[in-house]
Structures are given as C-alpha cells and as structure tokens.
Amino acid sequence: MFELDRIANGEEAFTPAFLPPAAVFLKMQFAIIVLFWTIIWIVKVSFLIFYRQLYARLPGGLLRWYLVSAFTAVTYLLAWAFQLGSCVPIKHYFTLGDCETPRDIHYSNACLYVAAVGDIISDLMSETCVNQFPKEKLTAM
C-alpha cells in the first residue's frame with residue numbers, strides 16, 4: 001500500500017515487479033471489505049435475535065421484526081451483489097488498473113452507498129421498533 005502511494009506521488013518509478021504485490025494487496029482488500037460487511041451484519045443479526053423476544057410482546061411486533069430482518073438480509077445480499085458486480089469479470093478486480101471504466105467506478109460507488117445506507121436504515125428500523133416498547137416493562141424483565 002505504501003509503495004502504491006509512493007508510485008502514485010511520483011516518488012518511485014513504476015516497475016513490473018510491483019504488479020504481483022499489487023495483486024496480493026487487491027485480493028486482501030476485497031477480502032477485508034467482505035469480512036467487514038459480514039461482521040457488521042452478524043452483529044445486526046445477533047441484535048435482531050436478541051430483540052425478537054421484545055418484538056414478540058408488542059402488538060404486531062413479530063411482523064415488524066420479520067420486516068426488519070428481511071430488510072437486513074436483502075441489504076447484505078445487495079452489498080455482495082454490487083461488490084461482485086463492481087468489476088466484470090471478477091478476475092479484473094485483482095489486476096491493478098483493470099477496473100477503471102466509468103461503469104466499474106459507478107458500480108463501486110453504488111456498492112459503498114448501498115452498504116452504508118442499508119446499514120444505517122436497518123439500524124434505524126431496529127431502534128425505532130425497540131423504542132416503542134414501554135420502558136417500565138423492560139426494567140421488569
């Protein structure tokens with residue numbers, strides 16, 4: 001990563017020897033992005049499982065819980081789909097400079113927006129439903 005910065009800033013000359021480490025960096029970056037999203041959504045699912053007991057005690061609560069759970073699952077799948085579709089074919093994702101078409105940049109940006117907005121909206125949906133639960137009943141549990 002630091003070598004890429006130095007080459008981009010003109011501090012070092014680009015050589016073909018740079019390409020194999022760049023491919024490894026791109027593979028690790030892809031894995032880190034997918035692991036990051038997966039961990040965030042695992043935490044969301046764990047909260048949803050915890051909240052299910054609370055939702056069940058509200059009128060229409062389980063329906064809300066299923067809606068929030070479905071929305072959370074759909075946003076996770078959309079994030080994956082956009083990530084996998086951000087550079088077609090997928091092997092180009094791991095080659096430096098192969099994902100710079102306007103289409104690839106558009107899908108890459110869309111991938112970020114879908115994941116971020118889906119994350120925030122699913123958090124707000126969960127929080128809104130939990131806040132409807134009477135506080136005195138929470139303390140009695």
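## About the model

Because the structure is predicted, local features are given at a pLDDT of at least 70 and side-chain atom pairs at pLDDT 80 or more, while totals for chains, interfaces and linings use all residues. Numbering starts from 1 along each chain as its sequence is written, and side-chain values use heavy atoms, with hydrogens and water left out.

## The largest pocket

Let's start with the open spaces. The largest pocket holds about 560 Å³ of space. Its lining has 29 residues, and Gln29, Ile33, Gln83, Tyr93 and Ser108 are the closest to the centre. A pocket here is an open set of points on a 1 Å grid over the protein atoms alone, where a 1.4 Å probe fits, with protein on both sides within 12 Å along at least five of seven lines; lining residues have an atom within 4 Å of a point. The volume is the space filled by probe spheres set on the points, which are joined across faces, edges and corners.

Helix H4 gives the most to this lining, with nine residues, and H2 also supplies at least two. Helices are DSSP runs (H or I, at least four residues), numbered from the N terminus. By class, the lining of the largest pocket has 17 nonpolar, eight polar and four charged residues. In this scheme Ala, Val, Leu, Ile, Met, Phe, Trp, Tyr, Cys and Pro are nonpolar, Asp, Glu, Lys and Arg are charged, and the others, Gly among them, are polar.

## The second largest pocket

The second largest pocket has a volume of about 160 Å³. Of its 13 lining residues, Lys44, Phe47, Ser122, Asp123 and Ser126 are the closest to the centre. H2, H3 and H4 each supply at least two residues, and H2 gives the most, with six. The lining of the second largest pocket divides into six nonpolar, three polar and four charged residues.

## Salt bridges

You will find four salt bridges in the structure, each a side-chain nitrogen of Lys or Arg within 4 Å of a carboxyl oxygen of Asp or Glu. Lys44 takes part in a salt bridge with Asp119, with the closest N and O atoms 2.7 Å apart. Asp119 belongs to helix H4 and Lys44 to helix H2, 75 residues apart. Lys44 also meets Asp123 in a salt bridge (2.3 Å, N to O). Because Lys44 lies in helix H2 and Asp123 in helix H4, this pair ties together parts that are 79 residues apart in sequence. Salt bridges that share partners join Lys44, Asp119 and Asp123 into one network.

How covered are these side chains? Lys44 is buried at 8% relative accessibility and Asp119 is buried at 17%, whereas Asp123 is partly exposed at 40%. Buried means under 20% relative accessible area, exposed over 50%, and partly exposed in between (1.4 Å probe, protein chains only).

Another salt bridge links Glu12 and Arg6, with the closest N and O atoms 2.5 Å apart. Glu12 is partly exposed at 31%, and Arg6 is partly exposed at 33%.

## A nonpolar surface patch

Leu35, Ile39, Val43, Phe47 and Phe50 form a nonpolar patch with about 510 Å² of accessible area together. Phe47 sits in helix H2 (residues 19-56) and is partly exposed, at 44%. Patch residues have over 30% relative accessible area and no salt bridge; like charges are joined within 9 Å and nonpolar side chains (Val, Leu, Ile, Met, Phe, Trp, Tyr) within 5 Å. Areas come from the Shrake-Rupley method with a 1.4 Å probe; for residues, only the protein chains shown count as cover.

## A cis peptide bond

Most peptide bonds are trans. The bond from Val88 to Pro89, however, is cis, with omega near -10°. Pro89 is in the loop between helix H3 (61-85) and helix H4 (102-131).
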